[in-house]
Amino acid sequence: MSGLTHFDDQGNAHMVDVSDKPVTDRIATAEGHVIMAPETFAMITEGRAKKGDVIGVARLAGIMGAKKTPDLIPLCHPLPVTKVTVDLTADPDLPGLRITATVKTSGQTGVEMEALTAVSTAALTVYDMVKAVDKAMTIGGIRVLLKDGGKSGRYEAT
């Protein structure tokens, strides 16, 4: 299993030891989207969803998701998350919502998983809040856009 740090010499999963790594400022940004029917898009953007402010609730859910990442992903380190932003932007061309999350920390490992979890949680919340009117929504495009800090340096998606 060479190159995969979450496996030991016998191929067993384990949490990576980051105790010898220096504490550095780290940031990660992820994106994704929820595609929906035009009627559902109009309902959300016009504030007519019966469950309330879909975008506002999804933003909060994304922030909470980032903070709960080590509870959801078995080998993630609990990190002192210092900032989380989650932006949901209405895109009539999808039609749907584009979601971007940025997470910051000063720590010994990166926050890519926290950013991805924030996007995923926000997208799932959008689905949950309007699934009664649009079960055919699709969630997709979830990926890391930016990762910076630490030994491996900067990564930017193309």
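In the predicted model, A90 contacts F41, T45, G96 and L97 (contact meaning heavy atoms within 4.5 Å), not counting residues up to four places away in sequence. A90 lies in strand β2, where helices (H or I, at least four residues) and strands (E, at least two) are DSSP runs numbered from the N terminus. A90 is partly exposed, with a relative accessible area of 37%; buried means under 20% relative accessible area, exposed over 50%, and partly exposed in between (1.4 Å probe, protein chains only). K50 is 40 residues from A90 along the chain, and their C-alpha atoms are separated by 18 Å.

The model is predicted, with pLDDT of at least 70 needed for local features and 80 or more for side-chain atom pairs, while totals for chains, interfaces and linings use all residues. Residues are numbered from 1 along each chain as its sequence is written, and side-chain values use heavy atoms, with hydrogens and water left out.

Not counting residues up to four places away in sequence, I44 touches M36, V54, I55, L97, V126 and V130.

Buried residues of α2 are V54, I55, G56, A58, A61, G62, G65 and A66. These pack against α1, α3 (69-72), β2, β3 and α4.
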